Amino acid sequence: MMRQRTIRSLVRTTGVGLHSGERVELVLRPAAADTGIVFRRVDLDPPVEIRSEASRVTDTRMASTLTAGDSGEAAQVRVATVEHLMSALAGLGIDNLYVDVTAAEIPILDGSAGSFVFLIQSAGIVEQAAAKKFIRVLESVEIRDGDKWVRLDPHFGFRLKFSIEFGHPAIDATIQEVEVDFAETSYVRDVARARTFGFMQDVEYLRAHGLAKGGSFGNAIVMDEYRVLNADGLRFGDEFVKHKILDAIGDLYLVGHPLLAAYSAHKSGHALNNQLLRALLERREAWEIVTFSERREAPKFFALDWAHA
């Protein structure tokens with residue numbers, strides 16, 4: 001059968017929060033079957049757990065932020081910028097994991113999911129004695145906001161299509177629409193290394209609002225009004241739109257299980273992605289939980305990166 005997965009051993013790293021600028025220690029620990037992805041604020045006494053669920057997303061300004069509860073002290077306990085780590089976990093098929101952090105934000109590392117992929121692969125991946133659960137989309141769900149939109153359609157696999165419009169010379173010179181089908185595309189090779197990006201003219205505004213305090217050329221693609229300022233340029237010609245795909249994979253994994261669906265979006269972001277998940281979950285007839293007793297019954301799903309336990 002298709003089995004759940006966790007990591008083989010504990011692994012740790014240290015970095016800074018992209019928005020807070022604070023030093024953060026991150027520890028990934030194995031978790032039992034059916035645990036899910038659980039964040040733990042170990043800097044608090046006692047530590048506070050925050051489950052990775054769509055309903056726990058409370059802030060989507062420039063990142064996806066989870067909150068421990070809806071009221072009282074729990075409503076003040078957060079962990080921000082979870083999407084890159086969640087994307088790596090989705091890309092490597094990790095179902096169960098404890099994520100210990102010493103601050104209110106996941107470290108940004110190099111601005112992509114590549115560093116998290118390396119951490120997970122360094123820890124090793126093991127299959128568990130429980131069936132992997134998928135959410136299969138049965139009916140189309142769509143969210144629109146002006147000219148921005150996002151949509152899930154039934155599909156026996158996992159496919160994403162994204163298009164962007166920024167009206168910026170450096171971005172306009174690159175590929176702005178990408179479709180990725182994980183039956184034939186490697187997450188690790190083709191998506192994970194795409195970095196987040198931002199504009200120099202926005203930095204002062206963002207920092208005045210408590211954002212981007214930890215941003216640098218080492219963890220983001222930075223542009224002025226005309227060009228990319230990073231000395232090494234882009235990693236590949238579709239890096240901007242590929243990062244939007246990377247973000248979407250992480251945001252969608254907050255639904256709690258891998259999706260069997262086709263995702264498509266134009267100018268979407270964290271807010272619309274979360275609204276899409278909430279709309280899907282509210283329509284109970286639009287989805288179902290499925291497992292596969294034999295691997296041959298399952299879709300050719302993340303085949304290039306899920307090939308080995």
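## Close-up views of a predicted model

**View 1. Gly237 and its partners from elsewhere in the chain.** Once its neighbours within four places in sequence are set aside, Gly237 touches Thr174 and Ile175, where contact means heavy atoms within 4.5 Å. This is a predicted model, in which local features need pLDDT of at least 70 and side-chain atom pairs count only at pLDDT 80 or more, while totals for chains, interfaces and linings use all residues. Residues are numbered from 1 along each chain as its sequence is written, and side-chain values use heavy atoms, with hydrogens and water left out. Gly237 sits in the loop between strand E17 (221-223) and H6; helices (H or I, at least four residues) and strands (E, at least two) are DSSP runs, numbered from the N terminus. Thr174 is 63 residues away from Gly237 along the chain, yet their C-alpha atoms are separated by 5.6 Å. With 43% relative accessibility, Gly237 counts as partly exposed (buried means under 20% relative accessible area, exposed over 50%, partly exposed in between, with a 1.4 Å probe and protein chains only).

**View 2. Helix H1 against helix H2.** H1 (residues 83-91) and H2 (residues 114-123) pack at an angle of about 50°, and their axes are 8 Å apart. The axes here are lines fitted to C-alpha atoms, for helices over the stretch in contact, and angles run from 0 to 180 degrees between N-to-C directions. That makes H1 and H2 oblique to each other: angles under 35 degrees count as roughly parallel, over 145 as roughly antiparallel, 65 to 115 as roughly perpendicular and the rest as oblique. H1 passes H2 in a right-handed crossing (right-handed if the near helix is turned clockwise from the far one by less than a right angle, left-handed if anticlockwise). On the H1 side the contact uses His84, Leu85, Ala88 and Leu89, and on the H2 side Phe116, Val117 and Ile120. Sorted by class, this contact has six nonpolar residues, one polar and no charged ones. For the classes, Ala, Val, Leu, Ile, Met, Phe, Trp, Tyr, Cys and Pro count as nonpolar, Asp, Glu, Lys and Arg as charged, and the others, Gly among them, as polar.

**View 3. Helix H6 against helix H7.** H6 and H7 (residues 270-282) pack at about 35°, with 10 Å between their axes. Their crossing is right-handed. Asp247, Ala248, Asp251 and Leu252 of H6 meet His270, Asn273 and Leu277 of H7.

**View 4. Thr196 and its surroundings.** Thr196 belongs to the loop between helix H4 (187-190) and E16. At a relative accessible area of 15%, Thr196 is buried. Leaving aside neighbours within four places in sequence, Thr196 is in contact with His84, Gly111, Asn219, Ala220, Ile221 and His243.

**View 5. Aromatic pairs.** A pair of aromatic rings is described by the distance of the centres and the angle of the planes. Rings of Phe, Tyr and Trp (its six-membered ring) pair if their centres lie within 6.5 Å; planes under 30 degrees apart count as stacked, over 60 as edge-to-face and the rest as tilted. The count by this rule is 11 aromatic pairs. Phe156 and Phe292 pair up edge-to-face, at 6.1 Å centre to centre and 75° between the planes. Phe156 lies in the loop between strand E13 (148-153) and strand E14 (158-163), and Phe292 in the segment after strand E19 (287-290), so this pair ties together parts 136 residues apart in sequence. Phe156 is partly exposed at 43% relative accessibility, while Phe292 is buried at 6% relative accessible area. Phe197 and Phe240 are edge-to-face too, with 5.0 Å centre to centre and 90° between the planes. Phe197 lies in strand E16 (residues 197-199) and Phe240 in helix H6 (residues 239-252), so here the linked parts are 43 residues apart in sequence. Phe197, at 16% relative accessibility, is buried, and so is Phe240, at 0%. Elsewhere, ring pairs link Phe158, Phe182, Tyr187, Phe302 and Trp306 into a cluster.

View 6. Most residues other than glycine have a negative phi, and most peptide bonds are trans. The Asp45 to Pro46 peptide bond is cis, with omega near 0°; Pro46 is in the loop between strand E4 (37-41) and strand E5 (48-51). Met62, not a glycine, has a positive phi near 65° and lies in the loop between strand E6 (57-59) and strand E7 (65-67). Leu109 also has a positive phi, about 55°, and is found in the loop between strand E9 (97-101) and H2.
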